[in-house]
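The sequence and structure come first.

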Amino acid sequence: MLRVRFAPSPTGYLHIGSARTFIFNWLYARRNHGTMVLRIDDTDVDRNTQASLDSIFDGLKWLNLDWDEQYAQSERGELHRKLAWAIFEKGLAYRDFVPAVAAEEKEHGAGAAWLFNPGMRDLSPEESQRRADSGEPFVLRFRVPRGGSHTVEFQDAVYGEQSKLADDIEDFALIRSNGVPMYHMASCADDVDLRISHIIRGQDHLTNTFKHVLIFEALGAKPPQFAHLPLLIAPDGSKLSKRRHGPVVSVLTYRDAGFLPQAYINFLCLLGWSPKDNREQLSRQELMDAFSFEGIHRHNAVVNFTDEDPIDPKAMWLNAELIRTLPVEEFAAKMLPFACAAGLPADPAKMLRIAPLLQERVKTLRDVVSMADFFFVDELPPYDPAELIPQKGDQALALTVLLLAREILADAAFSHAGLEAALRGGAERLKIKAGQMFQPIRVAVCGRKNAPPLFETLEVLGRETCLKRIQQAIQLLQ
């Protein structure tokens, strides 16, 4: 049976690249009626934090994509050690008693030319056992095949045939000197035990896969099918980094900005993958139906952002387009939490009346705070009285307009048709353009020039509020 896994480490918030990896795993599993496994790789106890773990689950919960099984790697250490020692018993691993192994491991990870310690690799089993029995600390290392032009090979579903000389692979550690299994050992042990059939992960793991193939073979297990994903990079070509780029790479940045999860999923899928027909707007079902390894690109994908704006414009466009397709009731319900979080006294009934005025204008759900706050407050925040002056007009004209508007709105029918007819009639009485009539009224009742359509806005605000705000504007001009 097809089984895939997503294995994040709780050492930081849910990374945009990690979220895409999760989504691609989910799509592949669901399309092929497979099993989606969530495995928290939490063996790095020095860097793990509860806040990071919470962020991962918060991000996944927001994406609203489920999983079938869940595991914590830290609870599986006994299995990892058992399988590591099974490799040792086959003669495919050895004890390395060289001092300062921790520092050495760090050096090897940085790409040093070191491959193995000959004295340790060739140590007799008797001597190795004697030194271990005496309490001497050691690292358990994999005995990588040497000589004979031995190669490690695997087929990658994205990058094709991969091959590397075993002589170019160091004798990597399986267990640290403190008895804690290394990442390579723990990951492969879990993949074998959980019967993972396909490993879909970032291209930065491609070089690790040669070591993993060796471990799978040493355990007598058939390696899974590998599919490595192109990296996500910044506009300057650098790899997206939590440390360097901060909240730009956090999934929760998009959630908190008011994105719809489906729009974000759609956006992430188009970073390094495309359907055969090059569609850009796809529902979850359409993504499931279209997803395949053949559509994954080999070149890295750029996430566009600036120091001033962490949101990719393509993501913003997709979100705005999806917002327009929502049933108005759903749109209103999704905006309500953002209004309440900003301290606006919003309620579902009023939000439902406002939603049609905003749906074609907002790009995110959070825009309700900046575009519709005046609907909910009793008193408008201070604004510049000059904003009341219409184009090609003066303060006297603005005052004249507002005095007439006060008279008209006191008696007009508060419906779109009634308000439009009455106010256009007022413009004709003053012999001015309709725009010159409407701007002072809009600023008076909204506190700004840019606002939803005027007649619908007046209707929602109601006669009493409109007259009160127009009177306050008149006082500002007198």
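Two strands pair if DSSP finds at least two bridges between them; strands (E, at least two residues) and helices (H or I, at least four) are DSSP runs, numbered from the N terminus. The model is predicted: local features need pLDDT of at least 70, side-chain atom pairs count only at pLDDT 80 or more, and totals for chains, interfaces and linings use all residues. Residues are numbered from 1 along each chain as its sequence is written, and side-chain values use heavy atoms, with hydrogens and water left out.

Strands β6 (residues 151-156) and β7 (residues 160-165) pair in the antiparallel sense over six bridges. A hairpin of three residues joins β6 to β7, and Q155 stands opposite E161 in β7. Side chains alternate along β6, with buried meaning under 20% relative accessible area (1.4 Å probe, protein chains only).

| Face of β6 | Residues | Burial |
|---|---|---|
| One face | V152, F154, D156 | buried |

In helix α11 (residues 261-269), eight of the nine residues are buried. Their cover includes α1 (16-31), α2 (50-63), α10 (251-256), α12 (284-290) and α13, where contact means heavy atoms within 4.5 Å.

Helix α11 packs against helix α13 (residues 313-325) at an angle of about 140°, with the axes 9 Å apart. That makes α11 oblique to α13 (angles under 35 degrees count as roughly parallel, over 145 as roughly antiparallel, 65 to 115 as roughly perpendicular and the rest as oblique). Axes are lines fitted to C-alpha atoms, for helices over the stretch in contact, and angles run from 0 to 180 degrees between N-to-C directions. Q262, A263, N266 and F267 of α11 meet K314, A315, L318, N319 and L322 of α13.

Conventions: Buried means under 20% relative accessible area, exposed over 50%, partly exposed in between (1.4 Å probe, protein chains only).
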